[in-house]
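Here's a quick briefing to read with the model open beside you.

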Amino acid sequence: MKKNIMRIFVAVVALAIVLPSCKKKEEGLELTDETQVAVIEQFVNHTIAPTYTNLANNTDLLVEELTALRADMTQTNLEKVCNTFLTARAWWEMSEAFLFGAASDFGIDPHIDSWPLDVDAFNTMMLNENQIQAMDGEDGDVYAGEKLGNSLLGFHGIEYILFANGSPKNIAQISDLDMIYAIAVAGDLRNRCFQLEVSWIGNVAAKAHRDKVEELELNTTVNGGNFSYGQNLKKAGTIGSTYTSSVNGLMAIIDGCKTIADEVGTSKIGKPYNGEDPDYIESPYSHKSIEDFYNNILSIENAYYGGIEGQRNETYSLHNYIKTLNADVDAKVVAAINNAKSKIKAMPVPFVQNYQDPANGVAAKACQNLDDVLSEVNRALSEN
């Protein structure tokens, strides 16, 4: 009888030990290096890869449609181009949570997304016959990228040609000289977006994109070595990676999110709103500033939730990992992301005409709060 009682006691104790362990597995992830790597791989494969692929494809289409528009200048064709431009623009803004890596190392971010456009320099350039002739040549995209400078390149130069007062221009307002410039600058934009795509996903990128990047001799690997940026991050903590541990890889993702949260609140909204720089207004011709800000927060959401819409797997997301590590911190992040999105949506449209509205100050603070909360995530990761 005593032996039976002892067996029952041992069984109860064993069950008491096992149940909490099982409960932890059911509620979240095992906090292991392998799980951290899986979260990083989900981020690279389902956030970065589809974002840059969609960006590359749409900038490629933009060049094709601009070329077709020059050959057939109709309002219908112009509106088609404008829609493609806005689609490409949205994918770019949804990439800004991961400007670390190729976008930063190769100077792609300022090259394709500097504002405001230097209108005086634009007008001077358009009077320069040699420059117009060079942009209209076979390598006009290369000339534009090498000679025009960041203040005349990228999305906002093309936006200036296509849009006025928040709508596509009347086709009669766009000259052939305008089209020469737009096509050359769009070609350079496409080239740089191809470079981003290939830098992160390597041979997974379309062959035509890889061939173009190779033809232009654009850098695509980390420090000129053998790793793409995607490989480098996935291999965090192993020999050859610039990330010393998988935790450092996760923290780099959060740092990217923090950077754009701060930029939206402090600079993109804050500079015009506070009167520091009333001309520092993104997308003023298409009146899509608020969409830009919102898509920047979506880039954070996509990074945190493990993928773009339709490709998410929250099981291997930062959201689920942090929820397991520190549920209170995760709840703060979720609330801060939703709050930033909500407050940006409440901003009066268009931003360029309402940049000092009090609602903008509320939105700026919501973005700054998101930055602060994301700092708590990195503290939790570093203490794990």
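**Backbone and packing notes**

N165 sits in the loop between β1 (163–164) and β2 (167–168). Keep in mind that this is a predicted model. Most residues other than glycine have a negative phi, and most peptide bonds are trans.

**Positive phi**
- N165 isn't a glycine, yet its phi is positive, near 55°.
- With a relative accessible area of 68%, N165 is exposed.
- H287 is another non-glycine with a positive phi, about 60°, and you'll find H287 in the loop between α13 (246–274) and α14 (289–305).
- H287 counts as buried, at 16% relative accessibility.

**Cis peptide bonds**
- W115 and P116 are joined by a cis peptide bond, with omega about -5°; P116 is in the loop between α5 (108–112) and α6 (119–125).
- The bond from V349 to P350 is also cis, omega being near -10°, and P350 belongs to the loop between α16 and α17 (351–354).

**Helices α16 and α18**
- The axes of α16 (residues 327–345) and α18 (residues 358–383) come within 9 Å and cross at roughly 160°.
- An angle over 145 degrees counts as roughly antiparallel, so that's the label for α16 and α18.
- Their crossing is left-handed.
- On the α16 side the contact residues include V329, V333, A336 and I337, while those on α18 include V362, A366, L370 and V373.
- By class, the contact of α16 with α18 has 14 nonpolar, 2 polar and 3 charged residues.

Technical notes:
Residues numbered from 1 in each chain as written. Predicted model: local features only at pLDDT ≥ 70, side-chain atom pairs only at ≥ 80, totals over all residues. Heavy atoms only, no water. Axes fitted to C-alpha atoms, helices over the stretch in contact; angles between N-to-C directions. Helix = DSSP H or I, 4+ residues; strand = E, 2+ residues; numbered from the N terminus. Parallel < 35°, antiparallel > 145°, perpendicular 65-115°, else oblique. Left-handed = near helix turned anticlockwise from the far one by under 90°. Contact = heavy atoms within 4.5 Å. Nonpolar A, V, L, I, M, F, W, Y, C, P; charged D, E, K, R; others polar. Buried < 20%, exposed > 50% of the residue type's maximum accessible area, 1.4 Å probe, protein only.
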